[in-house]
Amino acid sequence: MSLMTAKAELARGKATEWQSLLAEAQEQVDHWLAEAAAEEDAVRRLRLALEERAELAEAAASLSPVVTEVDEVADAVGALAPVRAAELRTAQGPAPTVAGPIAVWEPGRDEEVLPGMYRAALAVVRESEGAVMARQVAERLGWETTPARQQRARDVCSRLADRGWIVKRGDGKFTRLSG
(Lines give C-alpha, C1' and ligand atoms only; values in the text may rest on other atoms or scores of the structure.)
Protein backbone atom coordinates (compact mmCIF):
# COMPACT_ATOMS: atom_id res chain seq x y z
CA MET A 1 0.00 0.00 0.00
CA SER A 2 1.38 3.30 -0.94
CA LEU A 3 1.81 6.23 1.36
CA MET A 4 -0.99 8.12 -0.42
CA THR A 5 -3.38 5.23 0.04
CA ALA A 6 -2.48 4.98 3.71
CA LYS A 7 -3.06 8.71 4.22
CA ALA A 8 -6.38 8.54 2.36
CA GLU A 9 -7.46 5.56 4.48
CA LEU A 10 -6.47 7.42 7.66
CA ALA A 11 -8.40 10.52 6.49
CA ARG A 12 -11.50 8.38 5.76
CA GLY A 13 -11.26 6.87 9.25
CA LYS A 14 -10.96 10.30 10.83
CA ALA A 15 -13.88 11.58 8.72
CA THR A 16 -16.02 8.64 9.81
CA GLU A 17 -15.05 9.26 13.43
CA TRP A 18 -15.90 12.96 13.08
CA GLN A 19 -19.23 12.14 11.41
CA SER A 20 -20.07 9.84 14.30
CA LEU A 21 -19.18 12.52 16.85
CA LEU A 22 -21.17 15.09 14.87
CA ALA A 23 -24.22 12.78 14.80
CA GLU A 24 -23.98 12.28 18.59
CA ALA A 25 -23.67 16.04 19.10
CA GLN A 26 -26.70 16.62 16.85
CA GLU A 27 -28.71 14.09 18.89
CA GLN A 28 -27.73 15.90 22.10
CA VAL A 29 -28.69 19.29 20.62
CA ASP A 30 -32.04 17.86 19.45
CA HIS A 31 -32.63 16.49 22.97
CA TRP A 32 -31.83 19.86 24.54
CA LEU A 33 -34.09 21.66 22.08
CA ALA A 34 -36.95 19.28 22.89
CA GLU A 35 -36.40 19.88 26.64
CA ALA A 36 -36.28 23.65 26.09
CA ALA A 37 -39.53 23.52 24.10
CA ALA A 38 -41.19 21.53 26.89
CA GLU A 39 -39.91 24.02 29.49
CA GLU A 40 -41.11 26.95 27.39
CA ASP A 41 -44.54 25.31 27.21
CA ALA A 42 -44.51 24.80 30.99
CA VAL A 43 -43.48 28.44 31.53
CA ARG A 44 -46.28 29.57 29.18
CA ARG A 45 -48.83 27.49 31.08
CA LEU A 46 -47.49 28.82 34.39
CA ARG A 47 -47.78 32.41 33.16
CA LEU A 48 -51.36 31.79 32.08
CA ALA A 49 -52.15 30.23 35.47
CA LEU A 50 -50.60 33.20 37.28
CA GLU A 51 -52.60 35.65 35.15
CA GLU A 52 -55.77 33.71 35.89
CA ARG A 53 -54.91 33.65 39.59
CA ALA A 54 -54.39 37.42 39.56
CA GLU A 55 -57.76 37.90 37.86
CA LEU A 56 -59.43 35.67 40.43
CA ALA A 57 -57.71 37.52 43.27
CA GLU A 58 -59.00 40.83 41.85
CA ALA A 59 -62.49 39.40 41.59
CA ALA A 60 -62.29 38.06 45.15
CA ALA A 61 -60.99 41.40 46.41
CA SER A 62 -63.84 43.22 44.73
CA LEU A 63 -66.32 40.79 46.33
CA SER A 64 -64.78 40.93 49.80
CA PRO A 65 -66.37 44.28 50.75
CA VAL A 66 -69.73 43.03 49.48
CA VAL A 67 -69.48 39.80 51.47
CA THR A 68 -68.34 41.76 54.52
CA GLU A 69 -71.23 44.20 54.16
CA VAL A 70 -73.73 41.36 53.75
CA ASP A 71 -72.30 39.62 56.82
CA GLU A 72 -72.48 42.85 58.84
CA VAL A 73 -76.09 43.44 57.84
CA ALA A 74 -76.95 39.82 58.59
CA ASP A 75 -75.18 40.10 61.96
CA ALA A 76 -76.99 43.36 62.68
CA VAL A 77 -80.43 41.89 62.03
CA GLY A 78 -79.57 38.63 63.75
CA ALA A 79 -80.09 36.50 60.64
CA LEU A 80 -76.84 34.63 61.12
CA ALA A 81 -77.14 34.02 64.86
CA PRO A 82 -77.79 30.26 64.52
CA VAL A 83 -74.98 29.87 61.99
CA ARG A 84 -72.52 31.92 64.04
CA ALA A 85 -73.38 30.00 67.18
CA ALA A 86 -72.58 26.72 65.45
CA GLU A 87 -69.36 28.13 64.01
CA LEU A 88 -68.18 29.50 67.31
CA ARG A 89 -68.88 26.25 69.18
CA THR A 90 -69.27 28.05 72.45
CA ALA A 91 -69.67 26.02 75.60
CA GLN A 92 -72.45 28.32 76.79
CA GLY A 93 -74.66 27.65 73.82
CA PRO A 94 -75.79 30.28 71.35
CA ALA A 95 -74.88 33.79 72.40
CA PRO A 96 -77.47 36.48 71.90
CA THR A 97 -76.87 38.61 68.84
CA VAL A 98 -76.62 42.31 69.44
CA ALA A 99 -78.12 44.39 66.67
CA GLY A 100 -76.30 47.47 65.44
CA PRO A 101 -72.80 48.51 64.49
CA ILE A 102 -69.64 47.34 66.21
CA ALA A 103 -69.21 49.39 69.38
CA VAL A 104 -66.13 51.48 70.03
CA TRP A 105 -64.12 50.30 73.04
CA GLU A 106 -64.18 52.50 76.12
CA PRO A 107 -62.70 51.78 79.54
CA GLY A 108 -65.14 49.68 81.48
CA ARG A 109 -67.21 48.72 78.42
CA ASP A 110 -68.18 45.06 78.47
CA GLU A 111 -67.52 42.96 75.39
CA GLU A 112 -71.15 41.78 75.54
CA VAL A 113 -71.99 44.81 73.39
CA LEU A 114 -70.24 43.04 70.49
CA PRO A 115 -71.94 40.55 68.17
CA GLY A 116 -71.08 36.91 68.87
CA MET A 117 -68.53 36.44 66.10
CA TYR A 118 -66.67 39.56 67.18
CA ARG A 119 -66.67 38.44 70.83
CA ALA A 120 -65.25 35.08 69.79
CA ALA A 121 -62.49 36.68 67.67
CA LEU A 122 -61.72 39.06 70.53
CA ALA A 123 -61.44 36.11 72.92
CA VAL A 124 -59.04 34.32 70.54
CA VAL A 125 -56.76 37.36 70.34
CA ARG A 126 -56.90 37.99 74.09
CA GLU A 127 -56.17 34.36 74.97
CA SER A 128 -53.23 34.07 72.56
CA GLU A 129 -49.64 34.25 73.66
CA GLY A 130 -48.38 37.21 71.66
CA ALA A 131 -49.65 38.37 68.29
CA VAL A 132 -51.79 36.20 66.01
CA MET A 133 -52.39 36.14 62.29
CA ALA A 134 -55.86 36.07 60.76
CA ARG A 135 -55.26 32.44 59.71
CA GLN A 136 -54.73 31.48 63.36
CA VAL A 137 -57.91 33.30 64.40
CA ALA A 138 -59.88 31.45 61.71
CA GLU A 139 -58.41 28.10 62.84
CA ARG A 140 -59.22 28.72 66.51
CA LEU A 141 -62.77 29.71 65.61
CA GLY A 142 -63.13 26.33 63.95
CA TRP A 143 -63.38 27.76 60.45
CA GLU A 144 -61.85 26.22 57.36
CA THR A 145 -58.54 27.88 56.56
CA THR A 146 -59.54 28.89 53.06
CA PRO A 147 -58.39 32.29 51.79
CA ALA A 148 -61.98 33.56 52.04
CA ARG A 149 -62.31 32.54 55.69
CA GLN A 150 -58.88 33.97 56.50
CA GLN A 151 -59.96 37.24 54.89
CA ARG A 152 -63.19 37.18 56.92
CA ALA A 153 -61.17 36.70 60.12
CA ARG A 154 -58.85 39.53 59.03
CA ASP A 155 -61.87 41.80 58.40
CA VAL A 156 -63.40 41.01 61.80
CA CYS A 157 -60.10 41.60 63.62
CA SER A 158 -59.44 44.78 61.64
CA ARG A 159 -62.85 46.15 62.65
CA LEU A 160 -62.11 45.30 66.28
CA ALA A 161 -58.75 47.08 65.95
CA ASP A 162 -60.35 50.10 64.24
CA ARG A 163 -62.73 50.41 67.17
CA GLY A 164 -60.03 50.05 69.82
CA TRP A 165 -60.75 46.53 71.15
CA ILE A 166 -57.41 45.05 69.96
CA VAL A 167 -54.23 46.30 68.26
CA LYS A 168 -53.28 45.67 64.65
CA ARG A 169 -49.51 45.68 64.32
CA GLY A 170 -47.62 46.93 61.29
CA ASP A 171 -46.92 43.36 60.18
CA GLY A 172 -50.65 42.63 59.98
CA LYS A 173 -50.82 40.55 63.16
CA PHE A 174 -53.29 41.25 65.93
CA THR A 175 -52.60 41.49 69.65
CA ARG A 176 -54.49 42.37 72.80
CA LEU A 177 -54.40 45.84 74.32
CA SER A 178 -51.54 46.37 76.71
CA GLY A 179 -52.37 46.66 80.35
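This is a predicted model: local features need pLDDT of at least 70, side-chain atom pairs count only at pLDDT 80 or more; totals for chains, interfaces and linings use all residues.

Visitor: Why are helix 3 and helix 5 called roughly perpendicular to each other?

Guide: Helix 3 (residues 116-127) and helix 5 (residues 147-162) pack at an angle of about 85°, with their axes 10 Å apart. The axes are lines fitted to C-alpha atoms, for helices over the stretch in contact, and angles run from 0 to 180 degrees between N-to-C directions. Angles under 35 degrees count as roughly parallel, over 145 as roughly antiparallel, 65 to 115 as roughly perpendicular and the rest as oblique, and helix 3 and helix 5 are therefore roughly perpendicular.

Visitor: Which residues meet where helix 3 packs against helix 5?

Guide: Taking contact to mean heavy atoms within 4.5 Å, Met117, Tyr118, Ala121, Leu122 and Val125 of helix 3 meet Arg152, Val156, Cys157, Arg159 and Leu160 of helix 5. These residues divide into 8 nonpolar, no polar and 2 charged, where Ala, Val, Leu, Ile, Met, Phe, Trp, Tyr, Cys and Pro count as nonpolar, Asp, Glu, Lys and Arg as charged, and the others, Gly among them, as polar.

Visitor: What makes Ile102 count as buried?

Guide: Buried means under 20% relative accessible area, exposed over 50%, and partly exposed in between, with a 1.4 Å probe and protein chains only; Ile102 has 11% relative accessibility and so counts as buried. Ile102 is found in the loop between helix 2 (81-88) and helix 3, and, leaving aside neighbours within four places in sequence, Ile102 is in contact with Leu114, Pro115, Tyr118, Arg159 and Arg163.

Visitor: Why is Ser128 called buried?

Guide: The relative accessible area of Ser128 is 4%, and Ser128 is therefore buried. Ser128 lies in the loop between helix 3 and helix 4 (134-140), and, neighbours within four places in sequence aside, Ser128 is in contact with Arg140 and Arg176.

Visitor: How do you know that Arg149 lies over the face of Trp143?

Guide: A charge sits over a ring if NZ of Lys or CZ of Arg is within 6 Å of the ring centre and within 35 degrees of the ring normal, and Arg149 lies over the face of Trp143 at 4.8 Å from the ring centre.

Key: Residues are numbered from 1 along each chain as its sequence is written. Side-chain values use heavy atoms; hydrogens and water are left out. Helices (H or I, at least four residues) and strands (E, at least two) are DSSP runs, numbered from the N terminus.
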